[in-house]
Amino acid sequence: MLPARFVSASTAAVLLIVAVGGCARTIGVEVAPDAADPKCAEVMLAVPDELGPDLPKVGTDAQATAAWGEPGGAVTMRCGVAQIGPSADCQHVDSGDGTAVDWIVTTDDEGTWSFVTYGREPAVEVIVPPAVTEDHSTSFIADLAGAVTQVPATKECQ
């Protein structure tokens, strides 16, 4: 039988760990329809720990998703979204290390940017809210090339 003070100290330590763990930031992200595709697992294993110089990766609550930044104003990524057909909004983005990704780039009336890979199945979607673009350019999208190129390209922007 353990002494009472040992049990109390152990209980306190466990409660402290649970309390600290409960403070971890988690971003809610809707799971994509094809998130269970095995290629999405490869993409998620290759995502960077930071986008640009100051958007650290944070936890998410859905399969095949990632996020960077702060709750309420984070860049989110989902693997397994539907492919988008050819579009005039297709842009070829070089990462600087010899890899490149074609993205369909759009923005809505509120200023939210959407990037969806073109010519890769499953497709990857990145959403950049106005809270991020107030202080950052969207050039950090090139930082995701190493992850999204885990899905081979079958088409390119025209």
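Guide: Let us begin with a term for the surroundings of a residue: buried means under 20% relative accessible area, exposed over 50%, and partly exposed in between, with a 1.4 Å probe and protein chains only. The model is predicted, so local features need pLDDT of at least 70 and side-chain atom pairs count only at pLDDT 80 or more, while totals for chains, interfaces and linings use all residues. Residues are numbered from 1 along each chain as its sequence is written, and side-chain values use heavy atoms, with hydrogens and water left out.

Visitor: Is C40 buried or exposed?

Guide: C40 counts as buried because its relative accessibility is 1%, and C79, at 0%, counts as buried too.

Visitor: How many disulfides does a search of the whole structure find?

Guide: A disulfide is a covalent bond between the sulfur atoms of two cysteines; here the term is applied to a pair of cysteine sulfur atoms within 2.5 Å. The search finds 2 disulfides. One of them is formed by C40 and C79, whose sulfur atoms lie 2.2 Å apart, and with -80° about the S-S bond this link is left-handed.

Visitor: Which cysteine does C90 join?

Guide: C90 is joined to C157, with 1.8 Å from S to S, and this disulfide is left-handed because the torsion about its S-S bond is about -75°. C90 counts as buried, at 16% relative accessibility. When the bonded cysteines of the protein chain are numbered in sequence order, the pairing reads 1-2, 3-4.
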